[in-house]
Amino acid sequence: MRYTGPKVRLSRRAGVPLTRKAVRYFEQRPYPPGEHGRKTNRRSAGDYGLRLMEKQKLRWYYDVSERQLRRYWDLAVRKSGASGAELVTLLESRLASLVLRAGLASSIYAARQYVNHGHIAVDGRKVDIPSYLVKPGQVVTVRERSRKMQPFVAAAEGVYADERIAPYLSVDHADLRFTLTHRPEREQIVVPVDEQLVVEFYSR
């Protein structure tokens, strides 16, 4: 089941800002939420607690359910590369993840919503499945009928773009279009998670 409550709360539980919006709030309250948040010592968590939290951070960062993450893990262990790196690469290759990374959305939650509502096309065809795995060479665009919506007007101006575009994307913000040039490599993916702890969690 996906979390649908306050998103900044997740960042405070995780101990790191998981979204752009959370950065400012996290600086003001860098401790866990709740009545006893200030007294909580994150370092006191045992090995299982640390591994569980890394797995949760990965889930929250990409906004996937427990069942979805387990499915990606099962796919990752079948591949020839390191399981943790393969897991992150699969999550990064999701359509919603790339819409965010390309600067067409302000958050992973907005990116997921845009895909769900049919605003995004892959190779000219509408795709409304956020978990769709984009392949190298495929072109992702905002559909013509959606381009005058305020969020996409802002995206065309580069409002949501990162300071540095991911090296596996070729992005044209003005045309609301991007291409996945090659498969994302783990060292190119900026995600605040130690995937080795996630591997240890699922391998226990």
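User: Which residues of α5 are buried?

Analyst: In this predicted model, the buried residues of α5 are G84, E86, L87, V88, T89, L90, L91 and E92. Helix α5 spans residues 83-92 and is mostly covered, with 8 of its 10 residues buried. As a general idea, an α-helix has 3.6 residues a turn, so residues three or four places apart point the same way.

User: What covers the buried residues of α5?

Analyst: The covering elements include α3 (47-62), α4 (66-77), α6 (95-101) and α9 (195-203).

User: Let us turn to strands. How many bridges join β1 to β3?

Analyst: Strand β1 (residues 120-122) and β3 run antiparallel and are joined by 3 bridges. Within this pairing, V122 has V140 of β3 as its bridge partner. β3 also pairs with strand β5 (residues 177-180), in the antiparallel sense and over 3 bridges.

User: Which residue of β5 does T141 stand opposite?

Analyst: T141, found in strand β3 (residues 139-142), stands opposite R177 in β5.

User: Is T141 buried or exposed?

Analyst: The general idea is to compare the relative accessible area with a cut-off: under 20% counts as buried. T141 is therefore buried, because its relative accessible area is 12%.

User: Which residues does T141 touch?

Analyst: Leaving aside residues up to four places away in sequence, T141 touches H119, I120, A121, R147, L176 and R177. Among these contacts, R177 is also the residue that T141 stands opposite in β5.

Technical notes. Residues numbered from 1 in each chain as written. Predicted model: local features only at pLDDT ≥ 70, side-chain atom pairs only at ≥ 80, totals over all residues. Heavy atoms only, no water. Helix = DSSP H or I, 4+ residues; strand = E, 2+ residues; numbered from the N terminus. Buried < 20%, exposed > 50% of the residue type's maximum accessible area, 1.4 Å probe, protein only. Contact = heavy atoms within 4.5 Å. Pairing = 2+ DSSP bridges.
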